[in-house]
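Let's take a walk through this structure together. Have a look at it first, and then we'll go through it piece by piece.

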Amino acid sequence: EPLRHAWQGAEQRGKATGVVTSVQFSHATPAAFVAHNKSRNNYAEIAREMIMESAVDVIIGCGHPCYNRDGVELDKPKNFNYVGGEDVWQALVDGTAGADADGDGKPDSWTLVQTRKEFQSLSSGETPKRLCGVVQVEKTLQQRRSGDGNAAPFAVPLLKTMPNLAELSQAALNVLDDDPDGFCLMIEGGAVDWASHDNQSGRMVEEQIDFNRAVETVVEWVETHSSWDETLVIVTSDHE
């Protein structure tokens, strides 16, 4: 039985909605806020629904088909599943992907951003109506990078080409706060869990610090652009 998820309720109230994650944007947590599918493993179907059918305004995460785990461009694209298939990816690149998000009967196409510089430039100033950010890396911002996965935190240098979760969050906030009716945003530090599963205590610490900094970014936004009377922030975990 299809169930209405939280962001559909928000959209029916006129609010802008978005999801941000440090792993693939079609992974379980962001998918649960946007899509409907019988299995969390149907990445291509989920990503296709998120991009081509949903009414959300911001989707940001990893899963780029043209880059490896270290953010190095591949000679040939490898896996289009996380972005909805090759045709959906091409539509994103061409600027033609997207359904009617605002209810006016006309398609609302996505603006695709990919580089760290592009994400940083969206931290303030003018923003597109709908933002799809696909970071130039295969699965995670940092957790799956090369080097000793069992090393102490930050012993293996971070990938400098990767935006951090705080930068992604700031970009999303800057897009969504244009809606006078308010917004709902889910931000996931998805690889805290992954590092824990892999018994990578050092990288788990890295990921938790990255998440904490994203929380600080949200708090700063509330205290600068809103108030605690107007905005609710919930910080939680799945099974830590």
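**A buried charge and its partners**

Let's begin with Glu-206, which counts as buried at 5% relative accessibility. Here buried means under 20% relative accessible area, exposed means over 50%, and partly exposed is in between (1.4 Å probe, protein chains only). A quick note before going on: this is a predicted model, where local features need pLDDT of at least 70 and side-chain atom pairs count only at pLDDT 80 or more, while totals for chains, interfaces and linings use all residues. Residues are numbered from 1 along each chain as its sequence is written, and side-chain values use heavy atoms, with hydrogens and water left out.

Which residue does Glu-206 form a salt bridge with? The partner is Arg-145, with the closest N and O atoms 3.0 Å apart. A salt bridge is a side-chain nitrogen of Lys or Arg within 4 Å of a carboxyl oxygen of Asp or Glu. This pair links distant parts of the chain: Glu-206 sits in helix 8, Arg-145 in the loop between strand 4 and helix 6, and 61 residues separate them. Helices (H or I, at least four residues) and strands (E, at least two) are DSSP runs, numbered from the N terminus. Arg-145 counts as buried as well, at 3% relative accessibility.

The structure holds six salt bridges. Another one of them joins Arg-116 and Glu-167, whose closest N and O atoms are 3.0 Å apart. Again distant parts of the chain are linked, with Arg-116 in helix 5 and Glu-167 in helix 6 (residues 165-176), 51 residues apart. Arg-116 is partly exposed, at 23% relative accessible area, whereas Glu-167 counts as buried at 17%.

Now find Asp-108, whose side chain meets that of Lys-129 in a salt bridge (3.2 Å, N to O). Asp-108 lies in the loop between helix 4 (86-94) and strand 3 (111-113), and Lys-129 in the loop between helix 5 (116-121) and strand 4 (131-134), 21 residues apart. Are these two buried or exposed? Asp-108 counts as buried, at 9% relative accessibility, but Lys-129 is exposed, with a relative accessible area of 51%. Asp-102 joins in too: with Asp-108 and Lys-129, Asp-102 is linked in a network of salt bridges. The backbone nitrogen of Asp-102 also lies 3.2 Å from a polar atom of the Asp-108 side chain. Leaving out residues up to four places away in sequence, Asp-108 touches several others, including Ala-97, Gly-98 and Arg-130; touching, or contact, means heavy atoms within 4.5 Å.

**Empty spaces**

Rolling a probe the size of a water molecule over the atoms shows where empty space is left. On a 1 Å grid over the protein atoms alone, a cavity is a set of points where a 1.4 Å probe fits but cannot get out, and a pocket is an open set with protein on both sides within 12 Å along at least five of seven lines; lining residues have an atom within 4 Å of a point. Grid points are joined across faces, edges and corners, and a volume is the space filled by probe spheres set on the points.

The largest pocket has a volume of about 1300 Å³. Its lining has 44 residues, and Trp-7, Leu-185, Met-186, Ile-187 and Ile-234 lie nearest the centre. Which element gives the most to this lining? Helix 8, with seven residues. By class, the pocket lining divides into 22 nonpolar, twelve polar and ten charged residues. (Ala, Val, Leu, Ile, Met, Phe, Trp, Tyr, Cys and Pro count as nonpolar, Asp, Glu, Lys and Arg as charged, and the others, Gly among them, as polar.)

A search of the whole structure also finds one cavity of 30 Å³ or more. About 60 Å³ of space lies in the largest cavity, and His-64, Tyr-67 and Glu-138 are among the residues that line it.

**A few single residues**

Val-113, in strand 3, is buried with a relative accessible area of 7%. From Val-113 to Trp-7 it is 106 residues in sequence and 23 Å in space, C-alpha to C-alpha.

Finally, look at two backbone angles. Phe-154 has a phi near 65°, a positive value in a residue other than glycine, and Asn-199 has a positive phi of about 55° although it is not a glycine. Phe-154 is found in the loop between strand 4 and helix 6 and counts as partly exposed at 38% relative accessibility. Asn-199 is in the loop between helix 7 and helix 8 and counts as exposed, at 64%.

Key
A polar contact is a pair of N or O atoms within 3.5 Å; within protein, one must be able to donate a hydrogen and the other to accept it, and residues adjacent in sequence count only if both atoms are side-chain atoms.
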